[in-house]
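Colleague: Could you take me through this model, keeping to what can be computed from its atoms?

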Amino acid sequence: MIDGKYGVEFLKEKEMENHQDKQKNITSGSDDFAQAIARIAVAQICESLGYQSFQQSALDTLSDVGVRYIREIGKNAMCYANLTNRNECNVFDVIQGLEDLGSVQGFSGASDYNHCLSGSGVVRDIIRYVYETEEFPFAHSIPTFPVVKGGKLYTSFAQIGENPPNEYIPSWLPMFPDPETCVHINSRDKKEVEFAVESKVEERHMKVDRSLLNLQPKLICDGLETGLADGNGYAAKAQRTVESNPFLAPPLQLEEKDVSLPMLPAKLSDEATSKCQNHAVFANHVSILEPYAPATEEIGTHSCQSTQDRRKVPLNGRNTVKFKLGSSRKCSGTEMSPWNEGIEKVSLWFGVD
Amino acid sequence: MNAQSSQQQSSDGRHDDDAALTDFLASLMDYTPTIPDELVEHYLAKSGFQCPDVRLTRLVAVATQKFIADVATDALQQCKARQSAVVKDKRDKQQKDKRLILTMEDLSKALQEYGVNVKHQDYFADSPSAGLDPAARDE
């Protein structure tokens, strides 16, 4: 409990102390400043009535209720203003809002639906309150808040004096970013572009990395669909990302690195064929091994193979995708390709959990 | 005749009401409510209230002040009623009883009448068996 003869000043000091003590645990909200002011104002009102001290939780609750009251008045007043095709409130909207809120407690003349608003019981109560109570202003001076920060303005074409590259782009739109950050490298000019790009690495290292990190997931998605045909295209970018994050490096190309074929243990392959139906425990193993089972057949049949081949897709053709649309929102599609005899399940095309 | 006179009286009454309201709004400029204008404007802006007139924000501030004062008065009455009930039993605690403290109990009872339900936890326990007898806890 907070007690003291000068309740408000002590309360303010105590709040500062609490803030310093609990600084690690405080999750600051965006409205802390306004709530703190509301608490002080409510404490002043209570003090004027005769209260000598408050419980912290009680003060917080009452100030929160007061804040909600203000917001409710504003909301109701705006509702009434909008009803009459206005977007600025006048005094009658406010009085009607107050009447709505006061209808819980009741005021004189509430049942009279025909009464004039300016003579409403709510207004009379407020007038009486103002004349009866003493005036005591807020304890501190407050700056106008929230402080408006200047927004970051992008320079438009017209401001710089450049003409937009195409006719359909108006000149008041912001400029395009630098072309180095979003260059699409052609595979033929790979080496030239590499050199050109490396020479500018020191200048735009951070910007490029950031844009590449954004590009990388997109490229990976595209790579799955259209194959690694234009994989050489982003090798230059890949080099720079490897410097920063090895996990973001693109997958290895064909025959770039000798990889030994994965040897399935004989134990697992036997169990998968014989015991899968009986044991529910092995159900998980079966679902994992199914893609591998046809792959092992492929590896035996085809002559030159690597683990990457299963994902190789011909340039001309595309996988035929068959959708199975179920009753639930989750949609799963299966991919059938002439190269893969197995079924690769591509789920969650647009699945929402 | 009677209808006309009554109409005239009612219109006079309306003029009086309007005049009273206008005078009141003008007097609000001199009166400084406890709740500062900036705070009221901030929360009114959050709910979409648009009005450049300062008198309206003062009106809202005064209305809120009145509301809080009413709630606090009710809580004060609850507190005093509780203290007067206790003082009858123990006369030696008069010094402490004169202290008026805004507690959650009084506040929740006062807010109940205004339609605001504030239920305060009496205590928090770590486990269901906290505070029980050791014999019951063993079960």
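Colleague: With which residue does A:Lys75 form a salt bridge, and how far apart are the closest N and O atoms?

Modeller: This is a predicted model, in which local features need pLDDT of at least 70 and side-chain atom pairs count only at pLDDT 80 or more, whereas totals for chains, interfaces and linings use all residues. Residues are numbered from 1 along each chain as its sequence is written, chains are lettered from A and ligands numbered from 1 in the order in which they are written, and side-chain values use heavy atoms, with hydrogens and water left out. A salt bridge here is a side-chain nitrogen of Lys or Arg within 4 Å of a carboxyl oxygen of Asp or Glu. By that rule the partner of A:Lys75 is A:Glu72, with the closest N and O atoms 3.4 Å apart.

Colleague: Where do A:Lys75 and A:Glu72 lie, and how many residues apart are they?

Modeller: Helices (H or I, at least four residues) and strands (E, at least two) are DSSP runs, numbered from the N terminus. An α-helix has 3.6 residues a turn, so residues three or four places apart point the same way. Both A:Lys75 and A:Glu72 belong to helix 3 of chain A, about one turn of the helix from each other, that is, three residues apart.

Colleague: Which parts of chain B does the salt bridge of B:Asp37 with B:Arg58 link, and is B:Arg58 buried or exposed?

Modeller: The closest N and O atoms of B:Asp37 and B:Arg58 are 2.9 Å apart, and the pair links distant parts of the chain, helix 2 and helix 3 of chain B, 21 residues apart. Buried means under 20% relative accessible area, exposed over 50% and partly exposed in between (1.4 Å probe, protein chains only). B:Asp37, at 16% relative accessibility, counts as buried; B:Arg58, with a relative accessible area of 12%, is buried.

Colleague: How is the salt bridge of A:Asp60 and A:Arg39 placed, and is A:Arg39 buried or exposed?

Modeller: Their side chains meet at 3.0 Å, N to O, and they link distant parts of the chain, A:Asp60 being in helix 3 (residues 56-83) and A:Arg39 in helix 2 (residues 32-49) of chain A. A:Asp60 counts as partly exposed at 30% relative accessibility. A:Arg39 has a relative accessible area of 17% and is therefore buried.

Colleague: How many residues of chain B are in contact with chain A, and what area is buried between the two chains?

Modeller: Taking contact as heavy atoms within 4.5 Å, 58 residues of chain B touch 67 residues of chain A. Buried area is the accessible area (1.4 Å probe) that two parts lose on being put together, summed over both. Carbon and sulfur atoms give 72% of the area buried between chain B and chain A, which is about 5500 Å².

Colleague: In which sense do strand 1 of chain A and strand 1 of chain B pair, and which residue stands opposite B:Ile101?

Modeller: Two strands pair if DSSP finds at least two bridges between them. Strand 1 (residues 53-54) of chain A and strand 1 of chain B have two bridges, in the parallel sense. Opposite B:Ile101 in strand 1 of chain B stands A:Ser53.
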